Amino acid sequence: MALRGALPVSVKDATRRRVRRAAELKSRHAIAYADAFAVATALEFNAILLTGDPEIEPLEGKQDLEVEWLPRRR
């Protein structure tokens, strides 16, 4: 969390709306629920999703999801 103050990042609550949208994404795509929640939140705020998770790749560009890719660990 030390980097949080240095980056333009904010923490969002798990509202019913976000939980429901994440559940809908999870039911339609082969992604973890946490990833679905991150996607749902990024879509709601029209934000760029910063990730290195390959599960997100099939969703990039869908529903206007913009992804910035972190280097993947090997």
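Q: Which residues of helix 2 are called buried?
A: The buried residues of helix 2 are D35, A36, F37, V39, A40, T41, A42 and L43. Buried stands for under 20% relative accessible area, exposed for over 50%, and partly exposed for values in between, with a 1.4 Å probe and protein chains only. The model is a predicted one, in which local features need pLDDT of at least 70 and side-chain atom pairs count only at pLDDT 80 or more, while totals for chains, interfaces and linings use all residues. Residues are numbered from 1 along each chain as its sequence is written, and side-chain values use heavy atoms, with hydrogens and water left out.

Q: Why is F37 called buried?
A: The relative accessibility of F37 is 19%, so F37 counts as buried. F37 belongs to helix 2. Beyond its neighbours within four places in sequence, F37 is in contact (heavy atoms within 4.5 Å) with D13, A14, R18, V19 and A22. Its C-alpha atom is separated by 8.6 Å from that of K26, 11 residues apart along the chain.

Q: Why does V39 count as buried?
A: V39 has a relative accessibility of 1% and therefore counts as buried. V39 is also a helix 2 residue, and it touches L25, L49, I56, L59 and L65 when residues up to four places away in sequence are not counted. Between V39 and E60, 21 residues apart in sequence, the C-alpha to C-alpha separation is 9.5 Å.

Q: Against which elements do the buried residues of helix 2 pack?
A: They pack against helix 1 (16-28) and strand 1.

Q: What makes these segments helices and strands, and how many of each are in the chain?
A: Helices (H or I, at least four residues) and strands (E, at least two) are DSSP runs, numbered from the N terminus. The chain has 2 helices and 2 strands, and their order from the N terminus is α-α-β-β.

Q: How does the reach of helix 2 stand against the expected span?
A: The expected span is 1.5 Å times one less than the number of residues. Helix 2 has 12 residues and reaches 16 Å from its first C-alpha to its last, which is close to the 16 Å expected.

Q: Where does N46 lie, and what is its phi?
A: N46 is in the loop between helix 2 (33-44) and strand 1 (48-51). Just after helix 2, N46 takes a positive phi of about 50 degrees, in a residue other than glycine.

Q: What is the phi of D64, and why is D64 called exposed or buried?
A: The phi of D64 is near 65 degrees, again a positive value in a residue other than glycine. At 68% relative accessibility, D64 therefore counts as exposed. D64 is placed in the loop between strand 1 and strand 2 (66-69).

Q: Why is T51 called buried?
A: T51 has a relative accessible area of 11% and is therefore buried. T51 lies in strand 1. Leaving aside neighbours within four places in sequence, its contacts are I56, V67, E68, W69 and L70.

Q: What places K12 over the face of F45?
A: A charge sits over a ring if NZ of Lys or CZ of Arg is within 6 Å of the ring centre and within 35 degrees of the ring normal. K12 is at 4.6 Å from the ring centre of F45 and lies over its face.

Q: What is called a cavity, and which residues line the largest one?
A: On a 1 Å grid over the protein atoms alone, a cavity is a set of points where a 1.4 Å probe fits but cannot get out; a pocket is an open set with protein on both sides within 12 Å along at least five of seven lines, and lining residues have an atom within 4 Å of a point. The largest cavity is lined by L25, V39, L43, L59, K62, Q63 and L65.

Q: Which element gives the most to the lining of the largest pocket?
A: Helix 2 gives the most, with 4 residues. Helix 2 and strand 1 each supply at least two residues of that lining.
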